[in-house]
Amino acid sequence: MASTERLIDIPAEHEKNVCGQMDSNLSRIERTLHVTMIERDGCLKIIGNEENVEKAASVFQNLVELSKRGNEITEQNVAYALSLSFDEGEHRILEIDRDLICRTAAGRPVKPKTLGQKQYVDLIRSRMITFGIGPAGTGKTYLAMAMAIQAFRDGDAERIILTRPAMEAGEKLGFLPGDLQSKIDPYLRPLYDALYQIMGPDTYLHNAEKGLIEVAPLAYMRGRTLDNAYIILDEAQNTTPAQMKMFLTRIGFGSKAIITGDLTQKDLPGGMPSGLDTAARVLSGIEEIGFCRLTSRDVVRHPLVQKIVEAYDKFEKKESHREDRKQRYLHRRKRNDD
């Protein structure tokens with residue numbers, strides 16, 4: 001196939017950010033699209049077959065535009081722009097980036113970074129109850145917290161209520177020293193971390209003292225009616241169906257609820273059904289309730305996390321297929337014996 005070349009000017013102030021340390025971002029594009037990229041004197045030369053050169057040029061120009069908008073170009077940005085290029089949709093990364101949710105206490109922008117995350121944020125805006133279901137690292141909790149905090153800042157919510165089931169992840173904390181609160185806090189630490197980062201510890205403490213922000217175990221929700229609030233239930237895969245029903249029926253007028261969870265990381269006792277799984281089946285036909293299912297493509301942590309999620313998905317599908325074959329074999333054998 002004939003080789004072609006294309007030259008692209010690189011703005012000097014964005015060169016380091018876009019090309020990456022030791023040109024690591026360029027190397028990633030080269031390996032994925034099978035092109036050669038030569039950066040010299042503020043100019044980038046791309047060599048390869050015409051189709052791949054055009055894809056590489058489009059990916060690179062989109063990264064430059066992201067940098068111009070004030071984004072730090074990460075491995076995740078590069079990987080996602082490349083994955084979109086195979087669907088002829090690499091330009092959509094710029095559409096996603098336009099959706100600024102809020103800024104952290106340090107001034108960093110909080111935005112969706114994938115199409116799945118954009119759908120999730122849009123559902124939160126348009127539905128009274130939103131379920132965010134997906135693997136670790138897809139930003140389910142963080143984006144929900146950002147949406148709640150911005151609504152609180154804008155006066156669209158009078159308070160924020162954050163809750164989790166106090167379910168032990170394979171470990172027993174009951175014998176640790178301390179009072180009830182000190183034993184509960186480890187379960188709620190990820191929620192505090194997000195609050196501190198987005199809102200700032202001083203602002204959080206000020207509002208918490210006034211009762212405007214509440215972080216509590218799910219059991220504390222029983223018997224309450226929650227009006228004019230943003231309510232986030234995290235780690236919902238560890239709820240029982242009864243707990244999930246209890247939580248959903250707490251929601252009052254002017255409130256929004258966001259339920260997040262990962263059905264592959266249940267810590268419930270063996271054989272007990274998950275309230276998140278049950279809710280997804282029971283409530284899927286209600287218009288005011290939205291379901292967003294995030295996948296490994298939406299992982300925005302270190303790229304290694306995405307590989308780990310994909311490896312576990314592949315392993316679990318293989319094990320499930322093997323178990324299905326075993327059950328079919330035992331069923332045929334029993335039928336023959338009868």
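**Exercise 1.** In which sense do strand β6 and β11 pair, and over how many bridges?

*Solution.* This is a predicted model, in which local features need pLDDT of at least 70 and side-chain atom pairs count only at pLDDT 80 or more, while totals for chains, interfaces and linings use all residues. Residues are numbered from 1 along each chain as its sequence is written, and side-chain values use heavy atoms, with hydrogens and water left out. Strands (E, at least two residues) and helices (H or I, at least four) are DSSP runs numbered from the N terminus, and two strands pair if DSSP finds at least two bridges between them. Strand β6 (residues 129-133) runs parallel to β11, with five bridges. Within this pairing, G132 is placed opposite C292 of β11. Four of the five residues of β11 (residues 289-293) are buried, where buried means under 20% relative accessible area, exposed over 50%, and partly exposed in between (1.4 Å probe, protein chains only).

**Exercise 2.** Which residues of helix α2 are buried, and which elements do they pack against?

*Solution.* In α2 (residues 24-33), the buried residues are N25, L26, I29 and L33. They lie on the same side of α2 because they cover an arc of only 100° around the axis, taken from the directions from the helix axis to the C-beta atoms. Their packing partners, by contact (heavy atoms within 4.5 Å), are α1, β2, β3, α3 and α4.

**Exercise 3.** Where is D41 found, and is D41 buried or exposed?

*Solution.* D41 sits in the loop between β2 and β3, and its phi is positive, about 55°, although D41 is not a glycine. Its relative accessibility is 75%, so D41 counts as exposed.
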